[in-house]
Amino acid sequence: MAKAAPRNLILTGFSGSGKSVVGREIARRLGWAFVDTDAEVAARAGKPIPDIFVQDGEPAFRELERQVLEWACAGSGQVIATGGGAVLSAESRALMAEAGVVLCLEAQPQTILRRLREQVEQAGSDVSRPLLVGEDPLARIQALKEFRQPFYAAADWAIHTDALAPAQVAREALRAFRLLSRHWPRPQGQGPLGPRASARESDAPYCEDAGATFVVEAPSGRYPVFVGWGILDGLGQRLRNAGLKGKAILISDEMVFARHGRQARESLERARFEVLTLTVPAGEASKSLEQASRLYDKLIAARAERGHAMVALGGGVVGDLAGFVAATYLRGVPLVQAPTSLLAMVDAGVGGKVAVNHKLGKNLIGAFYQPRLVLMDVATLATLPPRELASGWAEVIKHGLILDSRLFRYLERHAPRLAALDRERTVRAVGWSAAVKGKVVAQDERETKGLRTLLNYGHTIGHALEATSGYQDWLHGEAVAVGMMGAARLSQRLGLIPEEVVERQRALLMAFGLPTRCPGADISRLTETMALDKKVAEAKVRWVLLKRLGQAVVRGDVPPGLVREVLEELGRDGRRPASRA
């Protein structure tokens with residue numbers, strides 16, 4: 001009886017190792033068909049792979065990748081080039097092991113980086129390479145490749161491609177294929193995977209950074225931030241990927257939990273977490289030592305341990321409260337932020353500042369405590385009241401004004417669709433804005449270098465508006481919007497920016513439904529309250545002003561008379577928000 005031959009030749013390896021180019025050449029020489037699983041995934045989805053990640057989430061991509069690989073491995077007489085992360089699924093490794101000879105194409109991180117950049121240069125705007133995003137793509141490639149290396153190393157044969165042309169790699173691959181074919185079929189238990197029965201149990205995480213929109217590199221710890229539409233279902237798997245296990249303490253407020261709690265809890269349970277759910281009343285009053293003490297009692301009663309993750313599901317109040325409890329219970333337990341409000345997504349969720357209020361002031365008792373990961377499901381914004389959603393856009397606009405003029409122009413260009421929560425554009429804007437905040441946190445984690453002070457643009461007047469109304473009339477973003485108009489007017493009067501920038505800021509705020517004036521405000525009380533601002537130094541208010549679009553500066557020499565003049569101008573007319581009471 002004739003000896004069986006392998007049905008297919010399968011190529012694995014990191015992105016940029018040459019699988020597609022080499023695979024086509026091997027197929028040509030063998031007279032076989034060529035299958036590129038990434039191309040097939042994109043064709044079935046009807047969009048590029050980066051868009052699948054953003055719009056549908058990584059779990060959806062991985063499931064589609066598995067389906068395509070199963071379809072490809074069922075055939076014969078094919079050279080199959082797989083995606084860089086396909087080897088991390090035990091089921092996919094089992095499919096490949098049974099379908100043919102598995103060859104891994106290897107390359108050093110420096111070679112991979114050079115090749116990816118060359119591909120982008122050759123294709124121009126027609127290709128997107130998420131691995132090249134960020135300030136240090138080489139470090140990102142090194143970390144991800146190091147994590148995946150044990151699974152690449154499980155192939156039948158490896159070919160180092162750094163110094164070889166594609167034709168030379170193809171020749172080596174054919175030599176290995178013919179040699180291995182003499183000893184086919186592979187003995188049970190040998191090769192890329194042992195018995196198929198163990199496939200489900202031997203799945204590897206996709207690495208905590210895989211698919212992240214960006215990574216915050218803070219001095220006290222690094223963590224990935226995931227931004228996408230409908231990705232709350234992947235919460236549990238993300239915790240697993242980050243090395244967390246055992247019990248998950250899900251903390252939320254009663255209103256948010258009613259909307260999203262079941263989905264979050266089921267995701268954690270699917271990832272084999274034992275879930276303890278703790279809820280607090282919605283509203284600022286829950287951000288207190290009394291509420292923290294209640295949570296401590298429940299954690300102690302449930303025998304929560306230092307290795308158990310605390311998941312904050314909600315807006316800024318929940319994020320601050322749960323973060324404070326996580327930082328202090330047992331001297332610190334892993335914190336996962338899952339913000340559900342726009343303001344929390346682009347501000348508190350990536351700030352690393354956690355606190356509770358005291359009767360003598362807000363956020364007086366707290367800590368700097370970075371999370372293990374942040375997951376932002378932008379789809380949750382669809383459940384926000386329009387006014388709260390608009391309030392969050394004020395912080396996004398602020399980031400563009402003070403730190404990134406490209407973001408500001410993007411908001412100008414797409415304001416109507418963003419205000420209507422267009423899926424693709426909103427995911428991009430939220431991720432972009434949060435990344436701006438993350439970069440500031442990385443450079444000035446504990447507010448010792450002055451960079452984080454720039455984030456207070458608009459807050460001097462904004463905080464005063466909130467305080468003088470007893471925190472009843474103004475949402476935070478609304479007050480900051482008015483404050484930004486005051487700061488822009490001061491910047492223009494001091495000769496820092498032209499009138500055109502002031503008007504562009506005003507027009508963009510209005511496009512998102514935000515107020516630009518504060519009619520009826522008590523100017524004297526505003527002035528007195530601003531004198532108590534935390535940015536006061538040597539009895540002078542330190543103002544964050546615009547130096548130009550996308551760049552801010554701190555000034556302590558703004559004349560009080562000019563400040564009053566601008567405040568009076570803001571208070572003359574315009575729309576005042578309805579009371580929150």
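Is Lys353 buried, partly exposed or exposed, and what is its relative accessible area? Lys353 is partly exposed, with a relative accessible area of 32%. Buried means under 20% relative accessible area, exposed over 50%, and partly exposed in between, with a 1.4 Å probe and protein chains only.

The model is predicted: local features need pLDDT of at least 70, side-chain atom pairs count only at pLDDT 80 or more, and totals for chains, interfaces and linings use all residues. Residues are numbered from 1 along each chain as its sequence is written, and side-chain values use heavy atoms, with hydrogens and water left out.

Start with the whole chain. The secondary structure comes to 21 helices and 18 strands. Helices (H or I, at least four residues) and strands (E, at least two) are DSSP runs, numbered from the N terminus. Of the 581 residues, 53% are buried. Among contacts with a separation of 6 or more, 77% join residues 24 or more positions apart. Contact means heavy atoms within 4.5 Å.

Next, a sheet. Five strands form an open sheet in the order E2-E3-E1-E4-E5, and the pairing is parallel. Strand E2 (33-36) and strand E5 (157-160) are the edge strands, each pairing on one side only. Two strands pair if DSSP finds at least two bridges between them. Neighbouring strands of this sheet are turned by 20 degrees against each other on average, direction ignored. Strand E1 (residues 8-12) pairs with strand E3 (residues 78-81) in the parallel sense over four bridges. Leu9 has Val79 in E3 as its bridge partner.

Helices pack on this sheet. Helix H2 (residues 37-45) touches E2 and E3, and its direction makes about 65 degrees with that of E2. Helix H8 (residues 166-181) touches E1, strand E4 (100-106) and E5, and its direction makes about 165 degrees with that of E5. For these angles, axes are lines fitted to C-alpha atoms, for helices over the stretch in contact, and angles run from 0 to 180 degrees between N-to-C directions.

Now the charges. The count comes to 33 salt bridges. A salt bridge is a side-chain nitrogen of Lys or Arg within 4 Å of a carboxyl oxygen of Asp or Glu. Lys353 forms one with Glu447, the closest N and O atoms being 2.9 Å apart. That pair links distant parts of the chain: Lys353 sits in strand E12 (residues 353-358), Glu447 in the loop between H16 and H17, 94 residues apart. Glu447 is partly exposed at 38%. Lys247 and Glu274 form another salt bridge, at 3.8 Å. Lys247 is buried, with a relative accessible area of 9%. Arg489, Arg493, Glu499, Glu503, Arg506, Glu565 and Glu569 are linked in a network of salt bridges.

Asp444 lies in the loop between helix H16 (423-443) and helix H17 (459-468). Asp444 is buried yet has no salt bridge; Lys449, the nearest side chain of opposite charge, is 6.1 Å away. Here Lys and Arg count as positive, Asp and Glu as negative; His and the chain ends are not counted. The Asp444 side chain does reach the backbone nitrogen of Lys449 at 2.9 Å.

Finally, backbone angles. Most residues other than glycine have a negative phi. Arg331 has a positive phi of about 65 degrees. Arg331 is in the loop between helix H12 (316-328) and strand E11 (335-339), and is exposed at 77%. Leu421 has a positive phi near 60 degrees. Leu421 is in the loop between helix H15 (405-419) and H16, and is buried at 14%.

Terms used
A polar contact is a pair of N or O atoms within 3.5 Å; within protein, one must be able to donate a hydrogen and the other to accept it, and residues adjacent in sequence count only if both atoms are side-chain atoms.
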